[in-house]
Every structure is written in structure tokens, then in C-alpha cells.
Amino acid sequence: MRTGLLLVIGVGIVACSIIMPATAISMPGAWEYCNVDALKMQELGKWAVAEHVKVANDGIRFIEVWGCEEQVVQGVNYRVFLHALHNTGEKGQFQAGVYEGASSSARKLVSFDPII
């Protein structure tokens with residue numbers, strides 16, 4: 001009887017792993033990679049640079065987003081990795097932290113740092 005129960009549990013685990021592949025399972029609040037080619041991600045990077053320049057007045061100019069991660073919370077946190085030109089013309093890499101509320105019109109630049 002005990003062996004039969006273990007067999008049923010084992011078959012159930014295998015069936016669930018076939019029906020629900022690991023890529024479909026994510027932990028709430030976990031950071032996940034996002035599509036850098038998506039127009040939204042490129043726009044988000046451009047927006048982050050513009051917001052940074054408003055505060056820092058350092059004249060950097062957006063080139064492209066080359067990496068991004070997102071974390072679903074009450075809204076979405078983004079880590080946006082981007083290339084931008086310094087006012088000297090030198091290319092630099094930066095990481096921007098952006099929070100976007102449930103209403104996509106509510107955005108906040110949380111951080112903007114050079115990647116060394």
C-alpha cells in the first residue's frame with residue numbers, strides 16, 4: 001500500500017513538471033530578465049536619462065538599453081542597463097532604477113549610477 005502511494009505521488013510530480021514547465025513558474029517579487037528589444041524598454045531608458053539630466057545637468061545623451069530586469073510588486077521595478085554619451089563624447093555604461101506604478105503614467109527614477 002505504501003509503495004503504491006509513493007508511486008502515485010511520483011507520477012503526479014512528473015505530470016506537473018510536464019504540464020507546468022519551469023519557465024512558467026516564477027517567484028512573486030523575483031527579478032526576471034526582460035526583452036531589451038521591446039520599444040517600451042528603449043523608451044524607458046531614454047526617459048531615465050532625461051530625468052537624470054534634469055537633476056544632474058551633466059548633459060549625457062541616451063544611446064541604447066543593452067539589458068534590463070523587472071520585478072513585479074504593486075507596480076513594476078526596473079533595472080535598466082544602458083549606454084549613454086558623456087558630454088565629452090565618451091561612451092559610458094549606466095544602471096537606472098525605475099519604478100512604474102500600476103498606472104504606467106506614474107514613473108519615478110529611483111537611482112542612476114555609472115557602471116564601472
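This report walks through the sheet, the core and a few telling residues of a predicted model.

**The sheet**

Let's start with the strands. There are 5 of them, and they form an open sheet in the order S1-S2-S3-S4-S5, with antiparallel pairing. From one strand to the next, the twist averages 25°. Strand S1 (31-33) and strand S5 (107-114) sit at the edges with a single partner strand each, so one side of each has no neighbour in the sheet. As background, strands of a sheet pair through backbone hydrogen bonds, in either a parallel or an antiparallel way.

Now go through some of the pairings. S1 and S2 are antiparallel and share 3 bridges; here tyrosine 33 has glutamate 69 in S2 as its bridge partner. S2 and S3, also antiparallel, are joined by 11 bridges. These two strands make a hairpin, with 1 residue between them. Further along, 7 bridges connect S4 to S5, again antiparallel, and valine 98 stands opposite leucine 109 in S5.

What lies across the strands? Helix H2 does: it lies across S2, S3, S4 and S5, and it runs at about 75° to S5.

**The core**

The largest nonpolar core has 19 residues, and the ones with the most contacts inside it are Tyr78, Val80, Leu82 and Phe112. Two or more residues each come from helix H2 (39-56), strand S2 (61-73), strand S3 (75-85) and S4.

Valine 80 is a handy place to look around. Not counting residues up to four places away in sequence, valine 80 touches Leu44, Gly45, Val65, Gly67, Cys68, Phe94, Gln95 and Ala96.

**Two aromatic pairs**

The structure holds 2 aromatic pairs. Here they are side by side:

| Pair | Arrangement | Centre to centre | Angle between planes |
|---|---|---|---|
| Tryptophan 66 and phenylalanine 81 | tilted | 5.6 Å | 40° |
| Phenylalanine 94 and phenylalanine 112 | stacked | 5.3 Å | 25° |

Tryptophan 66 is in strand S2 and phenylalanine 81 is in strand S3, so the pair ties together parts that are 15 residues apart in sequence. Phenylalanine 81 counts as buried, because its relative accessibility is 16%, and the cut-off for buried is under 20%.

**Glutamate 100**

Glutamate 100 counts as buried because its relative accessible area is 4%, which is under the 20% cut-off.

Which side chains does the side chain of glutamate 100 meet through polar contacts? One is the side chain of lysine 40, at 2.6 Å. Another is the side chain of arginine 107, at 2.8 Å. Beyond neighbours within four places in sequence, glutamate 100 is in contact with Lys40, Leu44, Gly75, Val76, Tyr78, Ala106 and Arg107.

Valine 72 is found in strand S2, and its bridge partner in S3 is valine 76. Is valine 72 buried or exposed? Valine 72 counts as exposed, because its relative accessibility is 55% and the cut-off for exposed is over 50%. In sequence, valine 72 and alanine 30 are 42 residues apart, while in space their C-alpha atoms are 7.4 Å apart.

Asparagine 77 has its place in strand S3. Its C-alpha atom is 4.5 Å from that of tyrosine 99, a residue 22 places apart from asparagine 77 along the chain. Apart from neighbours within four places in sequence, asparagine 77 is in contact with Trp31, Glu69, Glu70, Gln71, Val98 and Tyr99.

Notes. Residues numbered from 1 in each chain as written. Predicted model: local features only at pLDDT ≥ 70, side-chain atom pairs only at ≥ 80, totals over all residues. Heavy atoms only, no water. Buried < 20%, exposed > 50% of the residue type's maximum accessible area, 1.4 Å probe, protein only. Polar contact = N/O pair within 3.5 Å; in protein donor to acceptor, adjacent residues only side chain to side chain. Contact = heavy atoms within 4.5 Å. Core = buried A, V, L, I, M, F, W, Y, C linked by side-chain atoms within 4.5 Å. Helix = DSSP H or I, 4+ residues; strand = E, 2+ residues; numbered from the N terminus. Pairing = 2+ DSSP bridges. Axes fitted to C-alpha atoms, helices over the stretch in contact; angles between N-to-C directions. Phe/Tyr/Trp six-rings, centres within 6.5 Å; stacked < 30°, edge-to-face > 60°.
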